[in-house]
Amino acid sequence: MIRQDVNRIDAKRRAMLDYKKKQFATPTYKQQDYPYRLNFYDIPPTAEITLEQFEQWAIDRLKILAEIEACSFRNKTAAETAAHITPLLQKFLPLSANTSSASGAADQRLKNERQKDHYSHFILRLAFSATEDLRRRFVRAETMLFKFRFQQDDSKERRAFIESLNLDWEVVSDEEKRELAESLVNATPGLRRLDDESWYKVDWERVPELVERRSVYLRKGKAYVPGREQLSMIMAEFTARLDRAMELTSRALPRLDEDDRLTPILNHLSKNFGSAESVYSEGEGVVDGAPITASSVDHLSQHFPLCMRSLHMTLRKNNHLKHFGRLQYTLFLKGIGLSLEECIVFWRQSFKGFTDDEFNSRYKYNIRHAYGDVGGDVNRRGRGYPPYSCQKILSESGPGVGQTHGCPYRHFSVDNLIGLLQSTGVHDKDVLRGVKEDVEKTRYHIACNRVFEWAHKAEIKKVKEDGTWSQTDLDTIVHPNTYFKRSYLLKQLGKPSNTNN
């Protein structure tokens, strides 16, 4: 485990240290016992973990943070966000309360959960400290995760955790309360009697959210915070500490020993923050029993994401696609279950301007190669290439003149994108406005999910109400083949030939 010993330096001593000689203190190794479910992540972990744990724990946490960010971007309410991430947390990053531990086995499970939470935070801290944008997004998502856990925590455990932090909150004395009674009451909405509330006195910079909301009384650089706003104070403290820690980590990165095993993992994690990228399993986009044949592709295209639908529309218009468009589309069709034989038939029928000899000599081999029917190296096991994920499509070179591959949300002009969406039946002004905003802020996967949710809003509402789909079945789409499968299954609801998810 890479250790970040910079956080061990006491804040009051940091300014006195010679930067070149003493910036990084000698680590004090401490066995973590994790007495609380909540964690401010002040002490870096020092024990060893396997490379597999290093990667998997980080990926699991990344899925949670990406979903939290996606909920924020889609303006979900606190209740909607809680409903969305609760099952995901239980699946990828469970964190039980002390009251759940009643046996030796339960104690070990609780310790393992908290160790994973602790380590995964610091691994992602390494991955996301390189740039200011990544640091900002990481701190924001982690703060939202901490706030959710804080609100869900047992009140007794939460109180014990807060007391363990030794926060320098000055309790406002009864004498000062009486002196400032009118000001305190006026600054505390809903308060009727002075004795009904207690106040803490802190530097106003530590509670910017409350100052912005005008929920505190300010006097001589101090904010008088009512006890009911304890959550805001804790959140501000958590954010401030993590901000400082991320800045120190970014300075420490050049001094970390290079490790060829870890660098690719960290780079992969930071690149995939935006889309919660995960490994695509073979057959994941296949719908059992669905009629996936060359003749059914036209009908099925209504369930395709915009990137594949654009390719299909261009193919039908021009009876041809250039190489990268053919490859992207072929692998997608393969991923939804189109067999090699049917895929060859599909492309042969689509390329109407070519003779059989021209088609066989110029295009057939590439289709067979994509399926792993011919060729060596990657294709030796006969599997061929996997379908492109959203992240791969977004990160690849954009289309040139006459090419149509890539992601329309990423590679099309706004006017062309809106025109394409309207040609596929998306006319809702609010949706189109939201897509424009998403694209301007480079939130391409959010724009795609926004369109999906609008096109399937009735079906999504139904499966939520009747409980036939869990919340994890409706998490953010990060793969074109997942988009197809989910769309197809949702639109089959209530039909006699419905295929269960």
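Leaving aside neighbours within four places in sequence, with which residues is lysine 76 in contact? The contacts of lysine 76 on that basis are Cys71 and Thr81, where contact means heavy atoms within 4.5 Å. The model is predicted, so local features need pLDDT of at least 70 and side-chain atom pairs count only at pLDDT 80 or more, whereas totals for chains, interfaces and linings use all residues. Residues are numbered from 1 along each chain as its sequence is written, and side-chain values use heavy atoms, with hydrogens and water left out.

Lysine 76 belongs to the loop between α3 (51-73) and α4 (78-92); helices are DSSP runs of H or I with at least four residues, numbered from the N terminus. With a relative accessible area of 23%, lysine 76 is partly exposed. That class falls between buried, under 20% relative accessible area, and exposed, over 50%, as computed with a 1.4 Å probe on protein chains only.

Arginine 61 is located in helix α3. Its relative accessibility is 0%, and arginine 61 therefore counts as buried. Not counting residues up to four places away in sequence, arginine 61 touches Tyr41, Leu93, Asp117, Ser120, His121, Leu124, Glu142, Leu145 and Arg149.

The aromatic side chains come next. Rings of Phe, Tyr and Trp (its six-membered ring) pair if their centres lie within 6.5 Å; planes under 30 degrees apart count as stacked, over 60 as edge-to-face and the rest as tilted. By this rule there are 28 aromatic pairs. One of them joins tyrosine 329 and tryptophan 347 edge-to-face, at 6.0 Å centre to centre and 85° between the planes. Because tyrosine 329 lies in helix α15 (residues 323-335) and tryptophan 347 in helix α16 (residues 340-350), this pair ties together parts that are 18 residues apart in sequence. Tyrosine 329 and tryptophan 347 are both buried.

Phenylalanine 359 and tyrosine 363 form a tilted pair, with 6.1 Å centre to centre and 40° between the planes. Both residues lie in helix α17 (residues 356-371), 4 residues apart, about one turn of the helix. Phenylalanine 359 and tyrosine 363 are each buried. Ring pairs link these residues into a cluster whose members include Tyr329, Trp347, Phe359, Tyr363, Phe484 and Tyr488.

Charged groups also sit over rings, a term requiring NZ of Lys or CZ of Arg within 6 Å of the ring centre and within 35 degrees of the ring normal. The charged end of arginine 158 is placed over the ring of phenylalanine 150, 5.2 Å from its centre. Lysine 334 lies over the face of tyrosine 371, 5.8 Å from the ring centre.

How values were computed: Helix = DSSP H or I, 4+ residues; strand = E, 2+ residues; numbered from the N terminus.
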